[in-house]
Amino acid sequence: GGVIDITASDDGINATNPNSTGTGMDVDDGSMITMTGGTITVTADGDGIDTNGSGTMSGGTVTIYGPENSGNGALDYNGTFTVTGGTLYAGGSTGMVQAPSSDSSVYTIEIGVTDTSGPIEVKDSDGNTVASYTSDRSYGNLTVSSDAFQEGETYIVYQNGTELGSVTISDLISYVNY
C-alpha cells in the first residue's frame, strides 16, 4: 500500500542477491521484488524495475516512465515477473523489452508506440477507457497489464486520438502495432 514516487538517474527499483554464486546477465540470483498494492511511479534513466531474480505484482498500480536508451528496459528480470492483479504501465525504449512472464494470470497488451505527442488509451468495444498512459519521455513500447482486461473482449488502442489497432484477448500477451 501507500504511494511511492521514484526518480532515478539509473535503475528505479533494483533487487539483487549479493550472496549469489551465479554469474552472467541472465542468471536468476534468487532475489525478489513483491508489489501488493498502492501506487508506485518510477521515472528512470536506466531500467524501471530491475531484478536479477524475480518479481511479483498482485495489486495496485505501477507506472514506469522508463529509459529512453535501448540499453535498458522498463522491466528487466532474470527469473520471472508474475502479474496476478492490479495495473502495470511500463513505457520505455525498444532495445530490451520484457513483458510479464507466462505464469501471470493478468492479460497484457504490448503496444508499439509511434510517437509520444499524446496519451495512449485502451478502450473497450463500448468506447469506455480501461487504461490510459501519458509520458513526456520518449518511448517506443508500452506494456499494459491489467486485471480489467477480459478474455474474449476486444480492445482498441489509440495514441493521441488516432487508432493504432485493436485486439481480441485470447492469449496472455497480445500485440498492437508490432
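# Exercises on a predicted model

In this predicted model, ring pairs link Tyr 65, Tyr 89, Tyr 133 and Tyr 139 into a cluster. The structure holds five aromatic pairs.

**Exercise 1.** Work out in what order the strands of the open three-stranded sheet stand, and which of them are at its edges.

*Solution.* Begin with the order, which is 2-5-8, the strands being paired in parallel. Strand 2 (13-15) and strand 8 (75-77) each have a single partner strand and therefore stand at the edges, where one side of each is left without a neighbour in the sheet. From one strand to the next, the twist averages 5 degrees.

**Exercise 2.** Describe the largest nonpolar core, state which elements build it, and trace the contacts of Val 62.

*Solution.* As a starting point, nonpolar side chains in soluble globular proteins tend to be buried together. Here the largest nonpolar core has 21 residues, and those with the most contacts inside it are Met 35, Ile 49, Val 62, Ile 64, Phe 81 and Leu 88. The elements that each give two or more residues to this core include strand 1 (3-8), strand 3 (32-35), strand 7 (61-65) and strand 10 (87-92), while strand 4 supplies the largest share, three residues. Next, take Val 62 and set aside its neighbours within four places in sequence: the residues in contact with Val 62 are then Met 35, Ile 40, Ile 49, Met 57, Thr 87, Leu 88 and Tyr 89. Apart from this core lies another, of 19 residues, among them Val 113, Phe 149, Tyr 155 and Val 157.

**Exercise 3.** Locate Ser 174, decide whether Ser 174 is buried or exposed, and list what Ser 174 touches.

*Solution.* Ser 174 belongs to strand 17 (residues 173-176). The relative accessible area of Ser 174 is 5%, and the cut-off for a buried residue is under 20%, so Ser 174 counts as buried. When residues up to four places away in sequence are not counted, Ser 174 touches Thr 108, Ile 109, Glu 110, Val 167 and Ile 169.

Terms used
Residues numbered from 1 in each chain as written. Predicted model: local features only at pLDDT ≥ 70, side-chain atom pairs only at ≥ 80, totals over all residues. Heavy atoms only, no water. Pairing = 2+ DSSP bridges. Helix = DSSP H or I, 4+ residues; strand = E, 2+ residues; numbered from the N terminus. Axes fitted to C-alpha atoms, helices over the stretch in contact; angles between N-to-C directions. Phe/Tyr/Trp six-rings, centres within 6.5 Å; stacked < 30°, edge-to-face > 60°. Core = buried A, V, L, I, M, F, W, Y, C linked by side-chain atoms within 4.5 Å. Buried < 20%, exposed > 50% of the residue type's maximum accessible area, 1.4 Å probe, protein only. Contact = heavy atoms within 4.5 Å.
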